[in-house]
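Please keep the structure open while reading.

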Amino acid sequence: MPPTAPPVTARPRTAVPAVRRPCGGARDRPLTSLRRAAPALAGYVAVRLAGVLLLAHWAHLKGHGLWPALATSWDSRWYLEIADSGYDTALGTARNSNNLAFFPLYPALIKAVAAVTPGSRAGVGVLLAVVCSLVAAWGIFAVGDRLYGRRAGTLLTVLWGCAPVAAVQWMGYTESLFTALTAWALHCVLTGRWLWAGSLAALAGLTRPTGVAVAAAVSVTAVVALWQARRSGGGPRAAVLAAGLIAPLGWTGYVAWVGVRLGRWDGYLAVQKLWLNDWDGGADTLREVRRLLLYQSRPHLYLVVVTLVLFFSVAMFALCAAERQPLPLLVFTGVMLLVVLGSGGVYFPRARFLLPAFPLLLPVALAVARARRLTAVMVLAATALSSLWFGAYMQLVWPGPP
């Protein structure tokens, strides 16, 4: 699709120059882009495949099966239940029991694909997660490559696969699907493909509650683009306006549907209250951090890592803002942090909730890209090994959901 507006370009302050190719160039063609991303995808697959092998060995030593950990644990069961039986029709009063808290795109895809393929729906769920993780890795590379070059894009992709909770990327969870939609929505904004950006953002809004961050990234950038066009004397840009209007439709549409299904305007908010997920501006997050760091003599390792991920994410956002990343990336990661850090309720899954916020890893990718080869190899090896071990620990030792 030809661009309808000038692409958004980065203004990095790093030793690695930005790549500012015109939209529609040879490297933006799908097959050329996929070939260019091949080293990044190979590195990503190698890390995640090693993680599955380590998990399988550890599970065997503990007398557990690999398949339940990947396909039918925790949230995976909720999505499979929705694919099997649909959504609840009443609010109820029991805590953590209403499946309307889970957005519909992933279970709908499970049901649709399982209807035309052999095997179980649990198997389809894992297959979808793996395929979507590869699409996500490709999109992450495309964003990094466009802004800072092939090496930075490759490192960004591998680092995303080395996140502490990256094991969920190949589980029956929505993180891979959501990251794939997010990465390509952001790439489409950067390349001026506005209608694609708005459509992908709408689909992201049907996948996870944090889809509101993708919608905000597309809509805010569209408003700025329209304002800049008006200042420069340009005429109205229909595709930009359409993208800004389409982007929020997935998230708002599902929230409205829940309200209609429950017969009350605040139906979705009522469901979230049953899951103890009120937005309190970060008060609960601060209480949990203070309790872990000041009042627990031996906090659980998993919760310590979650806390470190939160601190790291805030620090990386400050660096991204200082480096003046493109507006859609800053809006996306900023809203993600506001939603994740500002919500009350359970504390332990917040590192997983931030997994799709891959632009926060750009400063690290750029630092590794500037480093000497030996230093870069050592950093990647240490990061990968720690991710592999922690992924198995998360699934076999930590007693709760990831």
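Trp138 and Trp184 are both buried. Their ring centres lie 5.2 Å apart with the planes at 85°, so the pair is edge-to-face. Trp138 belongs to helix α6 (residues 121–148) and Trp184 to helix α8, so the pair ties together parts 46 residues apart in sequence. The model is predicted.

**Other aromatic contacts**
- The structure holds 18 aromatic pairs.
- One of them joins Phe103 and Tyr254 in a tilted arrangement, 4.5 Å centre to centre and 45° between the planes.
- This pair links distant parts of the chain, 151 residues apart. Phe103 is in the loop between α4 (75–85) and α5 (105–114), and Tyr254 is in helix α12 (residues 249–262).
- Phe103 and Tyr254 are buried.
- One aromatic cluster is formed by Trp58, Tyr302, Phe348, Trp389, Phe390, Tyr393 and Trp398.
- Arg77 places its charged end over the ring of Trp74, 5.9 Å from the ring centre.

**Helix α11**
- In α11 (residues 238–246), the buried residues are Ala239, Val240, Ala243 and Gly244.
- Viewed down the axis of α11, these buried residues fall within an arc of 135°, so they line one face of the helix.
- Ala238 and Leu245 are exposed on the other side of α11.
- The buried residues of α11 pack against α9 (194–205) and α10 (211–231).

**Loop residue Thr191**
- Thr191 sits in the loop between α8 (175–190) and α9.
- Thr191 is buried, at a relative accessible area of 0%.
- A polar atom of the Thr191 side chain lies 2.9 Å from the backbone oxygen of His187.

How values were computed
Residues numbered from 1 in each chain as written. Predicted model: local features only at pLDDT ≥ 70, side-chain atom pairs only at ≥ 80, totals over all residues. Heavy atoms only, no water. Buried < 20%, exposed > 50% of the residue type's maximum accessible area, 1.4 Å probe, protein only. Helix = DSSP H or I, 4+ residues; strand = E, 2+ residues; numbered from the N terminus. Arc of directions from axis to C-beta. Contact = heavy atoms within 4.5 Å. Polar contact = N/O pair within 3.5 Å; in protein donor to acceptor, adjacent residues only side chain to side chain. Phe/Tyr/Trp six-rings, centres within 6.5 Å; stacked < 30°, edge-to-face > 60°. Lys NZ or Arg CZ within 6 Å of the ring centre and 35° of its normal.
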